[in-house]
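Hi everyone, thanks for making time.

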Amino acid sequence: MKISIVGLGFVGLSLTSVLASKGKDIVGIDVDDEKCANIKKGISPFFEPELKKLLKIGLGKKLKISTDFSLIKNSDIIFVTVGTPQRSNGSIEISMIKSAVKDIGKILKNDKKNPIILIKSTVTPGTMQEIILPIIEKESRKKAGKDFGLISNPEFLQESTAIRDTKFPHVIVLGGYQTRYMKKAEKFFSEIHPNIPIVITNHQTAEMIKYANNSFLATKISFINQLSNICQKIPGANIDDVAKTIGLDPRIGKLFLNAGPGYGGSCLPKDMKALINFANRVGINPTLLNAVEHTNNKQIQNIIHLIEKTLGSLKNKHITILGTAFKPDTDDIRDSISIELIKKLLAKKVTLTVYDPKAMKNTKSIFKEKIRYADSISHSLKNSQCMIIMVHWKQFEKINDNSINIMKRKFIIDCRRVLSGKKLNSNYYAIGIGKA
Ligand code: UGA
């Protein structure tokens, strides 16, 4: 069985590496020459635990990486995993997916195989029926359901656990018509993921499921963040105990109740905006979704307010930010709340030093010489008047009285309660813990 994967971002490259490492006949396609050249050498364009290892195993087997779309000819299965970034009005930019499926359609025209095309890219409801399907049918001069299969197959993997999530997804969603291709797809997934629930539905519902998933996760985060702000005003109250306990109620569940500076990353903020935009377009006022987003945007203001309350004017104050990635175990800084905070503090003329175990290179590419870059926690704290922990990297747990001795003023804002169990000789604030 030949499988092609078009678009080698987080989703595409994780899938490519997992399937190729099992010895399957895989072709990975991307339009970016440099990216493909690196992947061919076993260099991943981003840091993701376990990815490099599996990629190398795959490259030693049957994996081919190329910018040449014609290599997808004779595929049994074609996954489309290209990005759908955000437009300024919140809607999604679908030019990349349009161009990818156009190229696929052209190849299909002279292909003797009847492949199944699975769209993993996140698209708003109706995109498959109204845009993707007509493009492929027009370019290939073939009929979906008869000459090829077309299935919506949203992805739920998380960065930093992308490989584990690709190997062991919690669900497989297949949206489309009940054709022989759907039966084949169901068989394919039940073989590679035995015992994982497969939900078969139509295109629109599959597209909606993806947005429902991410917007619910964002809602959980904004909920706990709002409660954490309330806890902060109650001397001695602790949001982690609240979250842990309500999480024991199976109707609530314990995950995604970790309070912090707000949700970031390349997915939740973008998908929230796209769903809000979509709801407005179809005439539904998304009051709850708007509130979730508003609560998220406010979270960073609360941090700035806390710094100003203690330091007064921030002009020329030395502040250290620990963690610039959008979460631990990734070097991804796209839509990272920490990056947003840096921008806001720079506007207030703060002298900033940052440290992140993995994301320094990406951070430098944005701020260049506007901020200082430390190569360790201790270097980052020299002469600092305030330390802000933005991301829960494991190594930040080691911070102790010795590490902070080097600070000019021992003022700590811990957005992830990394140090809340320690009694540090400092003016310590943690999001979600009421100062006694
Ligand atoms: C998210 C979803 O979790 C995936 O299921 C989905 O497939 C993916 O988007 C996508 O659409 O591609 P990801 O962006 O990798 O995955 O990141 P998350 O782990 O969801 O974290 C998003 C943000 O929420 C981060 O800034 C994180 O720090 C924050 N977060 C998460 C919290 O503040 N508290 C939590 O309890 C959980």
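Predicted model: local features only at pLDDT ≥ 70, side-chain atom pairs only at ≥ 80, totals over all residues.

Which helix gives the largest share of the shell around it? That's α8, with four residues. If you want to find α8 on the screen, look at residues 203-232. The other element that gives two or more residues to that shell is α10, at 268-281.

There are 20 residues around the ligand, and the ones that come nearest are L157, Q158, E159, K210 and N214. What kinds of residues make up the shell? By class, you get 10 nonpolar, four polar and six charged ones.

Now zoom in on the backbone. L157 has a backbone N or O atom sitting 2.7 Å from an oxygen atom of the ligand. For E159, a polar backbone atom is 2.7 Å from a ligand oxygen. And then there's L257, where the distance from a polar backbone atom to an oxygen of the ligand is 3.3 Å. How much of the ligand does the protein bury? On its own the ligand would expose 710 Å², and 92% of that is buried by the protein.

You'll find S121 in the loop between β5, residues 116-119, and α5, residues 127-140. Is S121 buried or exposed? Its relative accessibility is 9%, so S121 counts as buried, given that the cut-off for buried is under 20%. Its side chain reaches the backbone oxygen of V82 at 2.7 Å. Leaving out residues up to four places away in sequence, S121 touches V80, T81, V82, T84 and I97.

Last stop, a sheet. This one is open, has six strands, and pairs them in parallel, in the order β11-β10-β9-β12-β13-β14. At the edges are β11 (372-373) and β14 (427-430); each has a single partner strand, so one side of each is left without a neighbour in the sheet.

Further in, take β9, residues 318-322, and β10, residues 351-355: these two run parallel and are joined by five bridges. If you'd like a pair to click on, T320 stands opposite T353 in β10.

That's my tour, happy to take questions.

Technical notes
Residues numbered from 1 in each chain as written. Heavy atoms only, no water. Near = heavy atom within 4 Å. Polar contact = N/O pair within 3.5 Å; in protein donor to acceptor, adjacent residues only side chain to side chain. Areas by Shrake-Rupley, 256 points an atom, 1.4 Å probe, with all protein chains shown as cover. Nonpolar A, V, L, I, M, F, W, Y, C, P; charged D, E, K, R; others polar. Buried < 20%, exposed > 50% of the residue type's maximum accessible area, 1.4 Å probe, protein only. Contact = heavy atoms within 4.5 Å. Pairing = 2+ DSSP bridges.
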